[in-house]
Structures are given as structure tokens and as C-alpha cells.
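Please view the sequence and the model together.

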Amino acid sequence: MTLEQSIYRHSIDTPDKVAAVCGTDTITYSELWRSILVRAEELKSQGVLPNRPYVFRSTQDIRFVVTYCAVHHIGAIAVPLDQKATDEYFDSICAEVSSCEFTEDIVDILYTTGTTGKSKGVMLSETALVSCADNFIADLQFTSDLLFIISGPLSHIASLFKMHPVLTVG
């Protein structure tokens with residue numbers, strides 16, 4: 001089950017349960033699902049298309065979760081960049097990914113410098129994200145009672161790999 005399918009399920013089964021907290025902002029699963037649907041419509045009206053990349057800055061708040069999930073909900077590829085990315089870097093990534101073709105299973109492209117110091121895009125499939133979430137849930141015994149603090153940048157794979165299982169288990 002995808003992250004977005006899990007959020008939808010929780011919006012029906014536990015609509016008033018808090019899904020995320022950021023500072024003084026909180027959002028329930030029903031609010032999160034409604035926000036995802038609204039943002040998905042906004043993105044579609046801006047020309048975001050299925051199987052095409054959407055580059056955006058990580059806002060480090062609930063808006064990031066909404067946008068990230070909305071991009072997936074419409075079948076587009078999420079390309080979150082650090083919120084402090086320069087306009088020049090942002091534009092270069094937009095140009096780079098817009099000229100590429102992607103297989104249908106790619107849902108994220110995460111940019112990292114890794115050990116080389118040179119920026120590169122790492123493509124992630126839905127299967128990889130779901131499998132990683134399932135492994136976290138099983139191995140670390142994530143439950144719906146878990147409160148998990150994600151302190152890293154949300155555009156980073158380590159943070160996304162924590163966000164997925166937490167929202168998946170509800």
C-alpha cells in the first residue's frame with residue numbers, strides 16, 4: 001500500500017487522529033487527506049503531469065508533507081530540494097530533470113552530494129519506498145501509538161524513510 005493510500009485509509013478509519021505536528025501546527029488524517037486533494041488539484045492546474053518531475057523546495061513543515069503526497073497522488077515524480085537551494089541550482093535541476101524520460105515506477109528523485117561532493121539525482125521507485133517503510137515498521141516495531149521526531153531536512157532520504165512508516169502505520 002502506498003503512503004497516500006495509507007493516509008486515505010487513516011482519514012476514513014481514524015479521521016481525527018493527529019497525523020503530523022510541526023511547531024504549533026497540527027493536522028489530522030482527515031485534514032491531511034483533504035489538503036492533499038486540494039494541493040493535487042492546484043498542481044494539476046499548474047501543469048504538473050503524471051510521470052513527470054515536479055521540483056520544489058522542502059519547506060520543513062506540514063506543507064511539505066502535503067505537497068510531497070499530492071505530487072505522488074497525481075502520479076508525478078517528487079523532486080524535493082533543500083529549502084535553501086539557490087535559484088541557480090533550482091533552475092539547473094529543473095532543466096536537468098525536464099529533459100529526462102522516466103519509467104513508470106519512479107516516484108522520487110532525491111539530490112545528494114554523497115561522498116563525491118558533486119550533486120546527483122537518485123531515483124527511487126514506489127516499491128523501494130514501500131519496502132523500506134515495511135522494513136522499518138517490522139524491524140523497529142513501529143505502531144500507531146508511536147510519536148516519532150524527524151529532525152533532519154525533509155528533502156533528505158533519511159527523513160523521508162522515517163516519514164513513510166510513521167504515516168503508514170497511522
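Glutamate 42 is partly exposed at 36% relative accessibility (buried means under 20% relative accessible area, exposed over 50%, partly exposed in between, with a 1.4 Å probe and protein chains only). Its salt-bridge partner is arginine 39, with the closest N and O atoms 3.2 Å apart. A salt bridge here is a side-chain nitrogen of Lys or Arg within 4 Å of a carboxyl oxygen of Asp or Glu. Arginine 39 is buried, at 17% relative accessible area. Helices (H or I, at least four residues) and strands (E, at least two) are DSSP runs, numbered from the N terminus.

The model is predicted: local features need pLDDT of at least 70, side-chain atom pairs count only at pLDDT 80 or more, and totals for chains, interfaces and linings use all residues. Residues are numbered from 1 along each chain as its sequence is written, and side-chain values use heavy atoms, with hydrogens and water left out.

**Salt bridges**

How many salt bridges does a search of the whole structure find? The search finds 4. Side chains of opposite charge can pair when their charged atoms come close. Among the salt bridges are these:

| Glutamate 42 | Arginine 39 | 3.2 Å |

Aspartate 87 is exposed, with a relative accessible area of 54%. Arginine 57 is partly exposed at 28%.

Arginine 63 is exposed, with a relative accessible area of 54%.

**Threonine 28**

Threonine 28 belongs to strand β2 (residues 25-28). Threonine 28 is buried, at 13% relative accessibility. A polar atom of its side chain lies 3.3 Å from the backbone oxygen of proline 15. Which residues does threonine 28 contact, leaving aside neighbours within four places in sequence? They are Pro15, Asp16, Lys17, Val18 and Ala19. Contact means heavy atoms within 4.5 Å.

Key:
Polar contact = N/O pair within 3.5 Å; in protein donor to acceptor, adjacent residues only side chain to side chain.
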